Amino acid sequence: MGLIDFVKDAGAKLFGGTKSSEDMAQALVKAVTDTGLPVKLQRIAFKDGTATIEGSTPSQAIAEKVVLTVGNVEGVAKVDNRLTVEKPEPVATMYTVKSGDSLSKIAKAHYGDANKYMVIFEANKPMLTDPNKIYPGQVLRIPPMKAPAGV
C-alpha cells in the first residue's frame, strides 16, 4: 500500500504536549492493540511525523484499518504501510473527510446511493463508533463495491 498522507493536526489526541519519537511509537502500538484487530505487529516506528508499520494481517481490510488507526492520530502526517497481507484483496479508496460531509453524502459520491452509508461505517469500525460522528481531516476507508452475483 505504501505511503499514505494524513492531516497531521487532526485526529485522536493520545496525549498532550510534545512527546519523543519513542513515546509516540509506543502510543501508536497501544492504539492498534486496543482496537482488538487481528494484526501481528513486528514494530511501529515514528520519526518526523511519519509512522512506519511492519507486520502482517489476515486481510487487506484489516491492514487498512490498522493504517487508519495509526494515521488518524494527532501528530501523524504520513503512514508507511509495510504490512503484509495473508489474503490479498482489492484495495479500498482512502477518503479525507471535509467540512459538511456525512457518511451518506460520501456514500452517494462513491457508490451513487446515500443509503450505502452503513457500508462505509462498517468498513471503519472500530475507529468509528457512531455513523454521525466523523470530523474534517479524518481519513476513512471506502471499500470497493462487490459485484452482484453472476456478474
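Start with the contacts in the chain (heavy atoms within 4.5 Å). Among those with a separation of 6 or more, 69% join residues 24 or more positions apart. The model is predicted, so to read it note that local features need pLDDT of at least 70, side-chain atom pairs count only at pLDDT 80 or more, and totals for chains, interfaces and linings use all residues. Residues are numbered from 1 along each chain as its sequence is written, and side-chain values use heavy atoms, with hydrogens and water left out.

The chain has four helices and six strands. Helices (H or I, at least four residues) and strands (E, at least two) are DSSP runs, numbered from the N terminus. Their order from the N terminus is β-α-β-β-α-β-β-α-α-β. Of the 151 residues, 42% are buried. Buried means under 20% relative accessible area and exposed over 50%, with partly exposed in between (1.4 Å probe, protein chains only). The accessible surface of the chain is about 8200 Å², computed by the Shrake-Rupley method with a 1.4 Å probe. Carbon and sulfur atoms hold 52% of that surface.

Now turn to the first helix pair. Two packed helices are described by the angle between their axes and the distance between the axes. Helix α1 spans residues 21–35. It packs against α2 at an angle of about 135 degrees, and the axes are 9 Å apart. That angle makes α1 oblique to α2. Angles under 35 degrees count as roughly parallel, over 145 as roughly antiparallel, 65 to 115 as roughly perpendicular and the rest as oblique. From α1, the contact uses L28, A31, V32 and T35; from α2, it uses V66, T69 and V70.

T69 has 9% relative accessibility, so it counts as buried. Leaving out residues up to four places away in sequence, T69 touches A31, V32, T35 and M127.

Next comes helix α3, residues 103–111. Which of its residues are buried? They are L103, I106, A107 and Y111. These residues lie on the same side of α3 because they cover an arc of only 100 degrees around the axis. The arc is taken from the directions from the helix axis to the C-beta atoms. The buried residues pack against β5 (93–96), α4 (117–123) and β6 (139–142). On the face turned away from the buried side, K108 and A109 are exposed. Just after α3 comes G112, with a positive phi of about 80 degrees.

Notes:
Axes are lines fitted to C-alpha atoms, for helices over the stretch in contact, and angles run from 0 to 180 degrees between N-to-C directions.
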